[in-house]
Amino acid sequence: MVLISLGACQKEFEDLPEQNNEEAIKASSSTAQLIKSTSSNDGSFDNIVDGASCFSINFPYVVNVNGLDIIVNTVSKLELIQDLLGDDDDDLEIQFPITVTLTDYSEITLTDEDELEDLVEMCQVLDDDDDIECVSFMFPLKVYSFDITFQQTGSVTLENDMQLRLYFDNLDDDDLISFQFPISLKLYNDIEFAVNSNTELVDVIESAKENCDNDDDDFTKEELENYLVACPMLMKEVIANGESQATQYLDNQMRFEANGAVSINRSAGNTITGNWSTAKIGSKVKLKLNFTELEDISLEWFVYDEGDDRIKLIAKDGNKIILKKGCDIINNDPEVFRQILKECNWVINKVKVDDGELKRLLGYELTFMADGGATLINGTSTKDGTWEVRNNSQGRLVMAIEIADEPNLSFEWLLSDREDERLEFSMDDDDYELILEKICPSNIDDLNAAEIRDMLKTGKWVVTKYLDDGEDETSDYANFDFTFSALALVTVSANSLPVHLGIWKVIKGNDDQLKCYLNFGSIGSLQELTNNWKVVSSSAAKLELRDKDDDGGTNVLIFERK
């Protein structure tokens, strides 16, 4: 802080107010920086939408939450979004373009999700969130300016944070200014302080900054260390030098030891060792990795995002690592996993073979029996097979399954994600993928699911709307009638003549979401309707379904009774 006495300065403008501590602030001083930080735009209030505190999205804009379009034009709408999402924000989609305001009140327009993610990552890497959120100026404020010879050059009355921040941004480094004291500051707990000098001003801001927690607090050093050593980690994504390094790193095991050692167990079987450390840098925690043989990831990393099961790390120049906790899938007792598979049936949510999705098996059910037998059921036919669970050479759980006449399902599937009610398997750098969802009697017997099933089994139904990522393709189904039978079959007719058979089921998912599985195979326009749809709304004569594509687009399907 640079303080210069003004006792002898000439006054060519109005007289300065009488005060005991007339001081000027140099525009390049630490005091000026504190004032700029306190008056910066606080972007943390809309983190539920954009996930970053170094900017805010300008009102109004539109987000889609669980199929519902919300016009966000007040803070109360953000509270509504929080209530709708609960603990799950996977179903929030921003409608672009949007305009955002940065900490310095400059504005930029973002045209898509990629540009938003790039801005969020830049904020995290550069720690570009300099606002002090727990103390604020009370306005209006009067500010006097002086030249280097202490001649007063002007005065201005400022009415808000933006005017104060922009006023300081437009000063030259050697410019001098002084406030008209006393001025008032309000703390995060609504306590107001009147200050009578720059010294008191700095003391209040520094004290508030030190003693209150901002809404966008990151990991502490200890929390990050505990997170990393808690479980073995799977490397789910690595971007180095602007390019994906999936071939080299995908699903490699990474282990952080409390003594600072770190190892990567490669898929090929060899192990590479190094060391790791953490340090507090401003409001962020830095993770430093050092591998003699792996220079591309031997960098200083910052936490970009974290959840219960995965953490995202960002370094400069767009480098990125995503790590997933492997507590439930590495070095676990195969018998525990066997018991989970035998508890209930499992419905096929997704099958990807040789990097292509195989929709033909969507909605089929797998049953794993105690004697090692397995069945694949689609509601009208059953295929038999066998199954086994074991640990591979890396300690990963593997499910080996063989089903008659189903070569695209009969593999040794590597368990890549395990939740209580959902299992994900993969092979060959994720070119092969299998997702199973647990289906117990309670899922089928749910009263709401049963009501929708009974409704669909009454009469014939037609498609009155089909939007494929916003594009209206309803006319493709104008000549089709759909008849849903009790045997899980759906008959598609044209001009009263059956032209196609599919399968269907309505169940309550383990996330308490009603789901409608439709499977018309992979031939013709009907394949577009093959999906595990979420039920948005239902009535006696109408059923609205929605789904999100892998690329984030929303599909809408509406049936109405004919």
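Here is a walk through this predicted model, from the whole chain down to a few side-chain pairs. Residues are numbered from 1 along each chain as its sequence is written. Because the model is predicted, local features need pLDDT of at least 70 and side-chain atom pairs count only at pLDDT 80 or more, while totals for chains, interfaces and linings use all residues; side-chain values use heavy atoms, with hydrogens and water left out.

Let's start with the whole chain. Its C-alpha atoms fill a box of roughly 100 × 60 × 35 Å along the principal axes. The secondary structure comes to 11 helices and 41 strands, taken as DSSP runs numbered from the N terminus (helices are H or I with at least four residues, strands are E with at least two). Of the 562 residues, 49% are buried, where buried means under 20% relative accessible area, exposed means over 50%, and partly exposed is in between (1.4 Å probe, protein chains only). The chain exposes about 26,600 Å², with carbon and sulfur atoms supplying 45% of it; these areas come from the Shrake-Rupley method with a 1.4 Å probe, and for residues only the protein chains shown count as cover.

Now go to helix α1, residues 30-38. With 7 of its 9 residues buried, α1 is largely enclosed by the rest of the structure. Among the buried ones are Leu34, Ile35 and Lys36. Helix α5 (residues 161-169) packs against α1 at an angle of about 145°, with the axes 8 Å apart. Axes here are lines fitted to C-alpha atoms, for helices over the stretch in contact, and angles run from 0 to 180 degrees between N-to-C directions. On the α1 side, Ala32, Ile35, Lys36 and Thr38 meet Asp161, Leu164, Arg165, Phe168 and Asp169 of α5, a contact being heavy atoms within 4.5 Å. Lys36, Arg165 and Asp169 are also linked in a network of salt bridges, each defined as a side-chain nitrogen of Lys or Arg within 4 Å of a carboxyl oxygen of Asp or Glu.

Phe45 counts as partly exposed because its relative accessibility is 36%. Together with Phe59 and Val75, Phe45 makes a nonpolar surface patch of about 240 Å². Patches are built from residues with over 30% relative accessible area and no salt bridge, joining like charges within 9 Å and nonpolar side chains (Val, Leu, Ile, Met, Phe, Trp, Tyr) within 5 Å.

Back to the salt bridges, which come to 25 by the rule above. Side chains of opposite charge can pair when their charged atoms come close. Lys286 is buried at 15%, whereas Glu300 is partly exposed at 39%.

Strand β32 (residues 432-439) is worth a look too. Its Glu433 pairs with Lys350 of strand β24 (residues 345-353), 83 residues apart, and their closest N and O atoms are 3.5 Å apart. Glu437 meets Lys515 in another salt bridge, at 3.1 Å from N to O. Lys515 lies in strand β38 (residues 514-519) and Glu437 in β32, so this pair ties together parts that are 78 residues apart in sequence. Both ends are buried: Lys515 has 9% relative accessibility, and Glu437 has 5%.
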